[in-house]
Structure formats: C-alpha cells, structure tokens
Amino acid sequence: MRLYSTNNENLIVDLSEAVLKALPPDNGLYMPVKLTPNEELIQNLKHLSFEEISYAVAKSIIGDAIQEKDLKTIVRETVNFPAPVVPIHDDIYSLELYHGPTLAFKDFGARFMSRVMKYYKKSEKDLYILVATSGDTGGAVANGFLNVNGIHVVILFPKGKVSPLQQKQLTTLGSNITAIEVDGNFDDCQAIVKKAFLDDDLNAKYFLSSANSINISRLIPQSFYYFNAVAQLQTDEEVVFVVPSGNFGNLTAGIIAQLMGLKVRHFVAATNVNDVVPEYIRTGEYKPKTSKASLSNAMDVGNPSNFPRLKKLLGSTWNNVKKKLKAYSFDDEQTQQAMLKVYEDHQYILDPHGAVGYLAAVQYKKEEKFNGPIIFLETAHPSKFKETVEETLGIDIDVPERLSKLEQLQEKYYTLTTEYTDFKNWFTAFVDNK
Ligand SMILES: *Cc1c(COP(=O)(O)O)cnc(C)c1O
C-alpha cells in the first residue's frame, strides 16, 4: 500500500511510515494512492459476516503491507462487537456503532490503530502518542492502547467541555495513559498536538505519533461498518448514509467505502451549530471558526481536520463536492426535540449526536423526496450523555456496567494553559523523569 500527502502528490510513503509518523512533513494528510472497487466483495456482501467483510475491505486497502495472518488477527480483534442496523420508521435506520468497550464508534478506529502500531513498532525507543479529544476519542484511544508495552498515550482534553463520565474514561486508567486538562477548547488542544508534530526539536529527541483521525489507520476500519450495514439490509437499492460529523473522519471513511464499490446514493453530513462544512456546501467558501459548545460535544469542531481528505476524495472543486455531499446543521433545541419525538413515537433512545443525524435523515428524505433506505450513524451510547438524555426525555436510563464502574474510580490528570511552550516544558520533564 502506498500513500501520498494531500499537499504534495509526489510525496509517497508506505503504510508503516504513514501510521507511525501520522502526519507528512509538509503538514498535509496521508491518503491511499489507490482505492479500487472490490467487485467480489460487493457481489457476496449479503452472505458474509462482519468479520469476513472487514477482512476483505482491509485486505483491499492494505494489500501486502501487513502479513495475512496478522491482518486477520488485527481485524478479528477490531470487530469483536456487533454494529446492528435498527429500523426506526419509514425506511430510516439507526446504525448502532456504540457496542464496543467505551460505547462509541471510535472504538473501531482505536482498536485497529493500536494493533497496527504495535505491528509496525520495531524501534527500541518508546513511542509517545499525542491525542487531542473533544469527547470520545480520548477514551477509545486510551482503552485501545492500555498496557501496550513501549507505547505511552498522552491525551489532551478541554477543561469542563467533556462529560464527567467521558473525563473519567481518560483520567482513571493510569499505567501508560496520561491525561492533561487544557484550559481552553478542543481547537486549542488540537493546535498543541499539531505544533508538537512540527516541532523539530521535540521530534529529534522523542518518537512521537498521533492517534487523532488524522492517522490513516483509524480511518481504514471505519469503512468496514458501512459495508456491513448494507449487508444487513439485504438490499440492492442504493442507500443514503447520514453521518453526524465533527472532524469528518467517519464521513471520509464512508467515501472510501463508496470508492471501493459500495452503492451509496448520497452521503449526508449532519452537524450541530459548528457548521463550517454545511456553510461551505451552501456558499463555496470554507471558513474555519472558533468552535461553539453544544449538547453533541464530540462534534464541537470549528476547523475539521479531515476536510482536506474529504475534498480530495470528492473531486476537489466546490461543484464536485456539493454534487456528492449534502450537509445540514441543527441547534440544541432541535436536537432535544428530535430525541423526545423519537422516544415518544418510536420508543427509541437517541444520544445527542445520533439525534443530529436523525434530523438530517428526515430533512434529506423530505427535500430529496427519497423513499429508499436512509441509515444514520448512531455514534455513541445514550448513557454516555446521561444527564442530557434523562433531562430531555424525563426518564431514568440504565448505564452499562463498563461505564458505571468508573464513577468510583480516582481521577488523575495534569492541568496546562493553551500555550504551546507550557506543553513542551511539561512533556520534556515528564518523559525525562521516567
Ligand atoms: C467523534 C464523534 C463524532 C464525530 O466524528 P468525526 O469522525 O470526528 O466526524 C460524532 N459523534 C460522536 C459520539 C463522536 O465521538
């Protein structure tokens, strides 16, 4: 498998370098040089299990870059929990991606990435993984890497902007996982991580990598469940996928699935008030903004990091992009109304992110007068946003034990300002004191 940088198509690397370095030196993003349709997979789709589908997709993308036997193990351990498609009403379906260890779709990416990194890590030097989180990334990554020898994870989260349980998923693990509270927003956390990767000084001394969705190994497994969702519907019709989006990694993985032959009529990006991409589709102008806090906090992103990838895959120009991608945004009030309505009318509990997706599904259906299957991605378990869900629906909801047991655990984290030098000093002292 070969990959290029979105800033320079002549900068070509292999998968091991793209995974371990995460970012090209020219500050672009790595992308597969070639994505080809897998006709055999498309034809047999209806008869294959999630694991079989996932292996076929991984093999198509990765080729011989990982030995067959190892790739099989990596895939099996990645998709060891289900991703069921659940009908809600009128050919609108919820693709529940939250049955993994941290109850968010990011478990797929994190589990795959941690295993691929371990496969490629040959150097004696310890590897430091820096990751910025707006909510779920941190927990999934921490869980994916917990106790992996020779790899340390440093997670930066914005102060007061992740839910209490999300925070506990980052701060209670200990071992090779270290959490840092940044007195700022998610974009500040992301900016620190980006600066660290471009800091020659730091990179000369330490072996750094990233686990954000800028790492291609997180995107690859996210294309598996799009195929598996269509397989579950047992349909030959073109489907529509609605993707609640923040950094647009999940949506990019969907486009990758489409380029590999999956029949999709449209992808629909669903955002909260952080609507940079819907505004781009509407006006042709891409204007990053400071992110605003919302109930669907994992999507509070003002400058989506995967946008350059998405644009490239969709044909680069505004005209090409808007033909293939629809995009809608909704505020918190609409989100809560949707949660309540779907619960009252269909007894289905949405989390705030899934609710934004549901709203976009309904709007697409109406605007496009489309009567085929629409699948929205339900990206987190409702209990991860217990306070919001209970207040909105006026009921008590159950919290799965793997989440509720965190409540008793002691938190440990460092606190830093948004200044890059503050982080750099902390990091240097932290590593050198080990
Ligand atoms: C991360 C996340 C999203 C956004 O996914 P992107 O790939 O960043 O667009 C949506 N919902 C939940 C629950 C998430 O954790």
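Start inside the protein. Select Phe105, Lys106, Gly246, Asn247 and Ala298: of the 23 residues lining the largest cavity, these lie nearest its centre. A cavity here is a set of points on a 1 Å grid over the protein atoms alone where a 1.4 Å probe fits but cannot get out, and lining residues have an atom within 4 Å of a point. The model is predicted: local features need pLDDT of at least 70, side-chain atom pairs count only at pLDDT 80 or more, and totals for chains, interfaces and linings use all residues. Residues are numbered from 1 along each chain as its sequence is written, and side-chain values use heavy atoms, with hydrogens and water left out.

Helices (H or I, at least four residues) and strands (E, at least two) are DSSP runs, numbered from the N terminus. The cavity volume is about 250 Å³. A volume is the space filled by probe spheres set on the grid points, which are joined across faces, edges and corners. The count of cavities of 30 Å³ or more is 1. By class, the lining of the largest cavity holds 8 nonpolar, 12 polar and 3 charged residues. Nonpolar covers Ala, Val, Leu, Ile, Met, Phe, Trp, Tyr, Cys and Pro; charged covers Asp, Glu, Lys and Arg; the others, Gly among them, are polar.

**Helix α6**

Stay on α6. Because 9 of its 10 residues are buried, α6 is largely enclosed by the rest of the structure. Buried means under 20% relative accessible area, exposed over 50%, partly exposed in between (1.4 Å probe, protein chains only). Select the buried ones: Asp136, Thr137, Gly138, Gly139, Ala140, Val141, Ala142, Gly144 and Phe145. What do they pack against? Show α5 (106-120), β6 (127-132), β7 (151-158), α7 (164-171), β8 (177-182) and α10. Then step past the helix to Asn147, which follows α6 and has a positive phi near 65°.

**Other positive phi values**

Most residues other than glycine have a negative phi. Go to Phe248, in the loop between β10 (239-244) and α12. Phe248 is not a glycine, yet its phi is positive, about 65°. Is Phe248 buried or exposed? Phe248 is buried, at 3% relative accessible area. Next, select Asn27, in the loop between α1 (15-21) and β3 (30-32). The phi of Asn27 is also positive, near 70°. Asn27 is partly exposed, with a relative accessible area of 34%.

**Asn272**

Centre on Asn272, in the loop between β11 (264-271) and α13 (276-283). Its relative accessible area is 0%, so Asn272 is buried. Draw two distances. The side chain of Asn272 makes a polar contact of 3.0 Å with the side chain of Ser296. Another polar contact, of 2.9 Å, joins the side chains of Asn272 and Asp300. A polar contact is a pair of N or O atoms within 3.5 Å; within protein, one must be able to donate a hydrogen and the other to accept it, and residues adjacent in sequence count only if both atoms are side-chain atoms. Beyond neighbours within four places in sequence, Asn272 is in contact (heavy atoms within 4.5 Å) with Ser294, Ser296, Met299, Asp300, Ser329, Phe330 and Val356.

**Two pockets**

A pocket is an open set of points with protein on both sides within 12 Å along at least five of seven lines. Select Gln190, Lys194, Asn303, Pro304 and Ser305, which lie nearest the centre of the largest pocket among its 18 lining residues. Two or more lining residues come from each of α8 (186-198) and α14 (307-313). The largest share, 5 residues, is from α8. The volume of the largest pocket is about 360 Å³.

Move to Lys21, Leu23, Phe197, Asn203 and Leu208. Of the 15 residues lining the second largest pocket, these lie nearest its centre. The elements giving two or more residues are α1, α8, α9 (200-205) and β9 (207-210). Its volume is about 290 Å³. The lining divides into 10 nonpolar, 1 polar and 4 charged residues.

**Zoom out**

Show the whole chain: 20 helices and 14 strands. Of its 434 residues, 60% count as buried. The C-alpha trace spans about 60 × 50 × 40 Å along its principal axes.
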